[in-house]
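Here is a short report on a single protein chain. Please keep the sequence and the 3D view open as you read.

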Amino acid sequence: MFTEKQPGAKRVALVGCSALKSKKSAPAKDFYTSALFRAAYAYAEKTCDVVVIVSAFYGAVAPKTVLQPYDRSLRKVRKNDREDWGARTIGELWPMLNPPPQLVILAGKVYADALVHGAHWHNLPRPEEPLRKIRGCGARVAWMKANTPVAKSSSCQWSNQ
């Protein structure tokens with residue numbers, strides 16, 4: 001069951017990883033190279049208090065965490081396993097944020113569905129999903145660019161180190 005939003009809760013962006021990746025180790029924020037990831041990350045930095053990258057392989061990742069190349073996608077995983085990943089990934093970050101955060105999911109449908117399941121499993125408020133009804137990578141990139149404020153907010157980075 002979802003709970004009510006808490007006054008003063010941090011807005012935590014969950015930026016989905018991408019299939020396009022660096023071929024060598026790099027900080028997570030630089031490791032993923034798709035236009036969609038870059039647009040989502042820029043939008044998250046300017047509209048949320050905390051930015052977390054979610055990876056099919058690594059789970060919840062701080063932007064400065066150095067990642068090694070890998071090849072894994074939730075698209076190739078059974079629904080129950082995706083839901084387990086979502087509950088585990090949400091479970092990695094929410095205990096460090098009090099009151100419970102307002103999650104903002106910036107990921108494709110497969111990842112978003114798993115993360116919403118995880119938020120529900122952990123009794124968090126229903127996540128915001130600004131991309132849910134926007135179809136296609138190009139349309140999503142355009143929406144995020146059009147809705148990313150010019151002035152930078154005072155976002156902070158989550159650290160799982």
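This is a predicted model: local features need pLDDT of at least 70, side-chain atom pairs count only at pLDDT 80 or more; totals for chains, interfaces and linings use all residues.

Residues are numbered from 1 along each chain as its sequence is written, and side-chain values use heavy atoms, with hydrogens and water left out.

**Overall fold**

The chain holds five helices and seven strands. Helices (H or I, at least four residues) and strands (E, at least two) are DSSP runs, numbered from the N terminus. Starting there, the order is β-β-α-α-β-β-β-α-β-α-α-β.

The C-alpha trace spans about 40 × 40 × 35 Å along its principal axes. The radius of gyration, taken over C-alpha atoms, is 15 Å, which agrees with the value near 15 Å for a compact globule of 161 residues. That globule rule is 2.2 Å times the number of residues to the power 0.38.

Of the 161 residues, 45% count as buried. Buried means under 20% relative accessible area, exposed over 50%, and partly exposed in between (1.4 Å probe, protein chains only). A contact means heavy atoms within 4.5 Å. Among contacts between residues at least 6 apart in sequence, 74% join residues at least 24 apart.

**Salt bridges**

Side chains of opposite charge can pair when their charged atoms come close. A salt bridge here is a side-chain nitrogen of Lys or Arg within 4 Å of a carboxyl oxygen of Asp or Glu. The count comes to eight.

Which parts of the chain does the pair Arg11 and Glu128 link? Arg11 sits in strand S1 (residues 11-16). Glu128 sits in the loop between helix H4 (109-121) and helix H5 (137-147). The two are 117 residues apart. Arg11 is partly exposed at 23% relative accessibility. Glu128 is also partly exposed, at 25%.

Asp113 is partly exposed, at 30%. Arg132 has 25% relative accessibility and counts as partly exposed.

Through shared partners, salt bridges join Lys109, Asp113, Glu129 and Arg132 into one network.
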